[in-house]
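Please walk through this structure by way of its side-chain pairs.

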Amino acid sequence: MTRNCLICNRISLWRERKNPYFIHEFENSIFVVGDHQFYAGYSLLLLKNHVRELHELERSVQIALFQELMSAGKALVAAFESWKMNYSCYGNEVPHIHWHLFPRSADEPDREKNPWHHSSRFETHLINSQAAQDLAEKIRANLEI
């Protein structure tokens, strides 16, 4: 773990059982509700270990992590009846492997644009701990393990 890493700090909170955004623990990652809900169901998959690049992972971890990502995505589609799922993994701002998962709705007027199109408005849709726990429960109920 790296002390100055936002994701490592989130992982530490989860290990201390203090992360109300927690949905599920996989072997290599944790699945959490996003801080904002501009897109209903926005969530993240966070690698438990501090690794910067996907190609730095052992092949078996790469394969398992992809399966974890697919399980998370399927749960979001089921929970929110998504028209489309968007997945993004960059790590430019926070160099720790993680994915942003955006369930997209058929009734969005600009559903064909990438989800970052409205990123300047994300902070106007921040949620509190109780809302995060409620969303986590909804998603968890649709998780096939």
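R140 is partly exposed because its relative accessibility is 31%, where buried means under 20% relative accessible area, exposed means over 50% and partly exposed lies in between (1.4 Å probe, protein chains only). The model is a predicted one, in which local features need pLDDT of at least 70, side-chain atom pairs count only at pLDDT 80 or more, and totals for chains, interfaces and linings use all residues. Residues are numbered from 1 along each chain as its sequence is written, and side-chain values use heavy atoms, with hydrogens and water left out.

The side chain of R140 forms a salt bridge with that of E137, at 3.0 Å from N to O; the term requires a side-chain nitrogen of Lys or Arg within 4 Å of a carboxyl oxygen of Asp or Glu. R140 and E137 are three residues apart in helix α3, so about one helical turn separates them. Helices (H or I, at least four residues) and strands (E, at least two) are DSSP runs, numbered from the N terminus. E137, with a relative accessible area of 48%, is partly exposed. Side chains of opposite charge can pair when their charged atoms come close.

How many salt bridges does a search of the whole structure find? The search gives six. Among them is the bridge between D35 and R10, 2.9 Å from N to O. This pair links distant parts of the chain, as D35 is in the loop between β2 and β3 while R10 is in helix α1 (residues 6–15), 25 residues apart. D35 counts as partly exposed at 26% relative accessibility, and R10 is partly exposed with a relative accessible area of 26%. A further salt bridge joins E53 and R52 at 3.5 Å, N to O. Here E53 is partly exposed, at 30%, whereas R52 is exposed, at 51%.

A charge also meets a ring in this model: the charged end of R111 sits over the ring of W83, 4.7 Å from its centre. The criterion is NZ of Lys or CZ of Arg within 6 Å of the ring centre and within 35 degrees of the ring normal.

Next come the rings themselves. Rings of Phe, Tyr and Trp (its six-membered ring) pair if their centres lie within 6.5 Å; planes under 30 degrees apart are stacked, over 60 edge-to-face, and the rest tilted. By this rule there are 11 aromatic pairs. In one of them, the ring centres of Y39 and F102 are 5.7 Å apart and the planes lie at 85°, so the pair is edge-to-face. Y39 belongs to the loop between β2 (29–33) and β3 (43–47) and F102 to strand β5 (residues 98–104), so the pair ties together parts 63 residues apart in sequence. Both Y39 and F102 are buried.

F102 also pairs with F122, in a tilted arrangement with 6.3 Å centre to centre and 40° between the planes. F122 lies in the loop between β5 and α3 (129–140), so this pair ties together parts 20 residues apart in sequence. F102 has a relative accessible area of 0%, and F122 counts as buried at 7%. One aromatic cluster is formed by F38, Y39, Y42, Y90, F102, W116 and F122.

Lastly, N28 lies in the loop between β1 (22–25) and β2 and is buried at 13%. Beyond its neighbours within four places in sequence, N28 is in contact (heavy atoms within 4.5 Å) with residues including V61, A64, L65 and E68.
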